[in-house]
Amino acid sequence: MNVILSFYCGCAVCCGEPGKLTYSGHVPKPMTTIAAPRTVRIGTVVFVTCEKLGWIRRRMVVQDRMSRRIERQHKDRWDVYVGAAEHARAKKLGLIKAVIEYENQRPKAPKGGQRRGGTRQIPVAQRGRERGLAGQPFS
């Protein structure tokens, strides 16, 4: 999939507050942590190929999310973490075209918290009756 890579650091300008953890709760790793659109699950491993940076199938892990504002404006944007105090480097790298391949994209959970093929939902008022416990005192 063809994408545009942008770059961010851990400063207050890029993240709102310095030293912040990623969306997944991990400490970001330079040039390994990547922020992806919400359609890609956290923990997905991707391989990034970028001729300008000399990357050929560089392994990265989706551990962060793009800001909603950027995601709405640019559907094909992915954001690479460059380091804690590397704001000048992130700006210098700018926007770069790249190709992303998925190693193990896991399907997202169905909307509404519904389970697939699991147990059926029973209203609380009927649970005791189905088990033959209606009217029995608790012990």
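Q: In this predicted model, which residues is Q63 in contact with, leaving aside its neighbours within four places in sequence?
A: Q63 is found in strand β4, and the contacts considered here leave aside neighbours within four places in sequence. On that basis, the residues that Q63 is in contact with are T22, Y23, S24, H26, V27, T33, I34 and I42.

Q: Is Q63 buried or exposed?
A: A residue counts as buried under 20% relative accessible area and as exposed over 50%. Because the relative accessible area of Q63 is 11%, Q63 is buried.

Q: Which residues does I34 touch, not counting residues up to four places away in sequence?
A: Not counting residues up to four places away in sequence, I34 touches L5, V46, V48, M60, V61, V62, Q63, D64, W78, D79, V80 and I100.

Q: In what order do the 6 strands close into a barrel?
A: The chain contains 4 helices and 6 strands, and along the sequence these follow the pattern β-α-β-β-β-α-β-α-β-α. The pairing in the barrel is mixed, with a twist that averages 45° from one strand to the next. The order in which the strands close is β1-β5-β2-β4-β3-β6.

Q: Which residue in β4 does V46 stand opposite?
A: β3 and β4 run antiparallel and are joined by 5 bridges, while β3 also pairs with β6 in the antiparallel sense over 4 bridges. V46 stands opposite Y102 in β6, and in β4 its opposite residue is M60.

Q: Which residue in β6 does L5 stand opposite?
A: β1 and β6 run antiparallel, and 4 bridges join them. In β6, the residue opposite L5 is I96.

Q: Which residues that line the largest pocket are the closest to its centre?
A: The largest pocket has a volume of about 680 Å³, and its lining draws at least two residues from each of β1, α1 (12-15), β4, α2 (68-73), β5 and α3. Of the 29 residues that line this pocket, the closest to its centre are Y8, V13, C14, C15 and D79.

Q: How many Å apart in space are C11 and A85, C-alpha to C-alpha?
A: C11 lies in the loop between β1 and α1, where it is buried, with a relative accessible area of 17%. Not counting residues up to four places away in sequence, C11 touches G16, E17, P18, A84 and H87. C11 and A85 are 74 residues apart in sequence, yet their C-alpha to C-alpha separation in space is 6.2 Å.

Q: Among contacts between residues at least 6 apart in sequence, what percentage join residues at least 24 apart?
A: Buried residues make up 32% of the 139 residues in the chain. For contacts between residues at least 6 apart in sequence, the percentage that join residues at least 24 apart is 73%.

Terms used. Residues numbered from 1 in each chain as written. Predicted model: local features only at pLDDT ≥ 70, side-chain atom pairs only at ≥ 80, totals over all residues. Heavy atoms only, no water. Contact = heavy atoms within 4.5 Å. Pairing = 2+ DSSP bridges. Axes fitted to C-alpha atoms, helices over the stretch in contact; angles between N-to-C directions. 1 Å grid on protein atoms, 1.4 Å probe; cavity = no way out; pocket = protein on both sides within 12 Å on 5 of 7 lines; lining within 4 Å. Points joined across faces, edges and corners; volume = space filled by probe spheres on them. Buried < 20%, exposed > 50% of the residue type's maximum accessible area, 1.4 Å probe, protein only.
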